[in-house]
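Good morning, and thank you for coming. Please look at the model on the screen while I speak.

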Amino acid sequence: MASITQDMKYRLSLIKYAQRFGLTKAAIRYHHNRQYIYRWLRRYDGSIESLRELSRKPHSHKN
C-alpha cells in the first residue's frame, strides 16, 4: 500500500478550497497560477490517490 505524501495532502486542500471559494482566490492563497489548479482539478476523481505525481519517464526513445 502506497503512503499518502504531504504533496498529495497539499493538493487536496488546494482543490477543496478552490471548489468552495473559487479558482482565483485559491490561486492567490496558495501562490499558484490558475492553470496549475485546473490541471489538478481535471485529474482529481474523488480519491487522494489521483493526486499522486505521475511518472515523467519516457516510454520510448527514437534511437
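The cover over the buried residues of helix α3 includes α1 and α2. Here, buried means under 20% relative accessible area, exposed means over 50%, and partly exposed lies in between, with a 1.4 Å probe and protein chains only. Contact means heavy atoms within 4.5 Å. Helices are DSSP runs of H or I with at least four residues, strands are runs of E with at least two, and both are numbered from the N terminus.

This is a predicted model, in which local features need pLDDT of at least 70 and side-chain atom pairs count only at pLDDT 80 or more, while totals for chains, interfaces and linings use all residues. Residues are numbered from 1 along each chain as its sequence is written, and side-chain values use heavy atoms, with hydrogens and water left out.

Which residues of α3 are buried? They are Tyr-36, Ile-37 and Trp-40. These residues cover an arc of only 95° around the axis, which puts them on the same side of α3. The arc is that of the directions from the helix axis to the C-beta atoms. On the other side of α3, Gln-35 and Arg-42 are exposed.

Let us turn to helix α2. Its buried residues are Leu-23, Ala-26, Ala-27 and Tyr-30. Viewed down the axis of α2, they fall within an arc of 100°, so they line one face of the helix. These buried residues pack against α1 and α3. Lys-25, Ile-28 and Arg-29, on the other side of α2, are exposed.

Just after α2 comes His-31, with a positive phi of about 60°. The residue is found in the loop between α2 and α3. Is His-31 buried or exposed? His-31 is exposed, with a relative accessible area of 71%.

I now come to the aromatic residues. A pair of aromatic rings is described by the distance of the centres and the angle of the planes. The rings of Phe, Tyr and Trp (for Trp, its six-membered ring) pair if their centres lie within 6.5 Å; planes under 30 degrees apart count as stacked, over 60 as edge-to-face, and the rest as tilted. How many aromatic pairs does this rule give? The count comes to four.

In one of them, the rings of Tyr-10 and Tyr-30 have their centres 5.6 Å apart and their planes at 75°, so this pair is edge-to-face. The pair links distant parts of the chain, since Tyr-10 belongs to helix α1 (residues 6-21) and Tyr-30 to helix α2 (residues 23-30), 20 residues apart. Tyr-10 is partly exposed, at a relative accessible area of 32%, whereas Tyr-30 counts as buried at 14%. Tyr-36 and Trp-40 also form an edge-to-face pair, with 6.4 Å from centre to centre and 65° between the planes. These two residues are four apart in helix α3 (residues 34-43), so they are separated by about one helical turn.

The charged end of Arg-43 sits over the ring of Trp-40, 4.5 Å from its centre. For this description, NZ of Lys or CZ of Arg must be within 6 Å of the ring centre and within 35 degrees of the ring normal.

Where does Ser-50 lie? Ser-50 lies in the segment after α3 and is buried, with a relative accessible area of 12%. Leaving aside neighbours within four places in sequence, Ser-50 is in contact with Trp-40, Arg-43, Tyr-44 and Asp-45. The side chains of Ser-50 and Asp-45 make a polar contact at 3.1 Å. A polar contact is a pair of N or O atoms within 3.5 Å; within protein, one must be able to donate a hydrogen and the other to accept it, and residues adjacent in sequence count only if both atoms are side-chain atoms.

Finally, I turn to the whole chain. There are three helices and zero strands. Buried residues make up 25% of the 63 residues. The chain has a radius of gyration of 14 Å, whereas a compact globule of 63 residues would have one near 11 Å. That radius is taken over C-alpha atoms, and the globule rule is 2.2 Å times the number of residues to the power 0.38. Along the principal axes, the C-alpha atoms fill a box of roughly 50 × 30 × 20 Å.
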